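Dear colleague,

I am handing over the structure below, and after it I describe what was found. Please read the notes with the model open beside them.

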Amino acid sequence: MTTPQYHQAATRIGQTSTKLRLVTGVAITLLAVGLSGCGTSQAPHRAELPPQRQLQTPALAPPRSATQQRLINEANALSALASTDLSKKFLRATEALPAVAPRTVYRDDNTREYFSPNEAAALAEERRKKLASIELDEYRLYYTKYGSPLAYVRTLELASAHGLTEVSKANILDFGYGSIGHLRLLASLGANVVGVDPDSYLDALYSETSDQGSVAAARPIYRGATGSVTLAHGRWPTTAAIAQRVTSKGPYQLIISKNTLKRGYLKPERRAPKNQLIELGVSDDVFLKAAYNALSPGGLFVIYNLSPKQAAVDKPYLPHADARSPFSAEQFSKAGLEVVALNVDDHDFARQMGAALGWDKNDQGEVVNDLSTNLFAIYTIVRRSR
């Protein structure tokens, strides 16, 4: 009660009984409370206590899945190789990768074409009956057919060493992206990333609306602008619709291509099965000019290729084992692209990365591959003149 309330209570009590004498303020309070329900003409107001604050129990983070934890473990194993701030943040961002529910895709075993559930449902019944249903778990969603998305750490190291030290608000194009994992990691650091690939497997796998659009920041590693992922499934720059989709998200500060633009895929030195080769659908000059036009002034184009040892001359040719750039210095220069590095060996880093990711072991942990003799890497870096 306030002081005036004490005085009012004393007056009312005195009117009720002249025999009662007030000694202390405490007695006044006690008598006022006691008489409030006993016929006094004006009951005193009670002091209302503020409602007790309800303590909120902090929500516990859900336990990580085996795939989420595997990616974090791989990032920790690679951390000793990361020398730039960008590559370190890229690895740490694995801590914020979301869990992904399993998905079902459909495959035509004759054509090797994949379909999403909606695409399969739209097919004629006769063809739909021939499709094989395949359930892909979270591991496949992040690793697909091509292994750990964290192998992109070297590509980012090279880009950072040549000027791209921050990806927040940067536009990045990945030609032949192969997996959504590294795209999400870059987007969680604020980049707007576009992945291009003609593989129907990826089109079917990443058909959910949640696979594209804004990506939550990888807190607390990054707290800046929101990044995004855009997927363009088809041939770039061959197909007009794909070219338009890519152009609308540019210009790009960085174009990357890992294990796609290999000389062995585009210009094999020996005969090779057609399904092991890549056709750009346009001439080299047209492709390189499209890359030039997509880049912002000073933008980088990084080609990073890993490969095994080439087969002996009396064995079938391995297109993926020729990791050299399919384009010459003269071709880059003609397109307006300054050559920063051409076909530079990166074998040592690749072998250290391979060991950290367990590429030399099988699922039982047994060493089955000598990386020192069967893993190689070559990179090429060009820049659009400012």
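Leaving aside neighbours within four places in sequence, Ser257 is in contact with Asp174, Phe175, Phe301, Val302, Ile303, Tyr304 and Asn305, where contact means heavy atoms within 4.5 Å. Ser257 lies in strand β8 and is buried, with a relative accessible area of 0%; buried means under 20% relative accessible area, exposed over 50%, and partly exposed in between, with a 1.4 Å probe and protein chains only. Helices (H or I, at least four residues) and strands (E, at least two) are DSSP runs, numbered from the N terminus.

Please keep in mind that this is a predicted model, in which local features need pLDDT of at least 70 and side-chain atom pairs count only at pLDDT 80 or more, while totals for chains, interfaces and linings use all residues. Residues are numbered from 1 along each chain as its sequence is written, and side-chain values use heavy atoms, with hydrogens and water left out.

Strand β8 (252-258) is also among the elements that cover the buried residues of helix α11, together with β4 (171-175), β5 (192-197) and β7 (227-233). In α11 (residues 240-248) the buried residues are Ile242, Ala243 and Val246, and they lie on the same side of the helix because they cover an arc of only 100° around its axis, the arc being that of the directions from the helix axis to the C-beta atoms. Ala240, Ala241 and Gln244 are exposed on the other side of α11.

With β6 (residues 213-215), β7 pairs in the antiparallel sense over three bridges, and Ser214 has Ser228 as its bridge partner in β7; two strands pair if DSSP finds at least two bridges between them.

Elsewhere there is an open sheet of three strands in the order β2-β1-β3, with antiparallel pairing. Strands β2 (113-115) and β3 (132-136) stand at the edges with a single partner strand each, so one side of each has no neighbour in the sheet. Five bridges join β1 (residues 103-108) to β3, and Arg107 stands opposite Ala132 in β3.

As for aromatic residues, rings of Phe, Tyr and Trp (its six-membered ring) pair if their centres lie within 6.5 Å, and planes under 30 degrees apart count as stacked, over 60 as edge-to-face and the rest as tilted. By this rule the count comes to eight aromatic pairs. The rings of Tyr114 and Tyr201 have centres 5.0 Å apart and planes at 80°, so this pair is edge-to-face; it links Tyr114 in strand β2 with Tyr201 in helix α10 (residues 200-205), 87 residues apart. Tyr114 counts as buried at 14% relative accessibility, and Tyr201 does at 5%. Phe175, Trp236, Phe287, Phe327 and Phe332 form one aromatic cluster.

Finally, a nonpolar core is a set of buried Ala, Val, Leu, Ile, Met, Phe, Trp, Tyr and Cys residues joined through side-chain atoms within 4.5 Å. The largest has 62 residues, of which Phe90 and Met353 touch the most other members, and a second, separate core of 29 residues includes Phe175, Trp236, Ala243 and Ile255.

With kind regards
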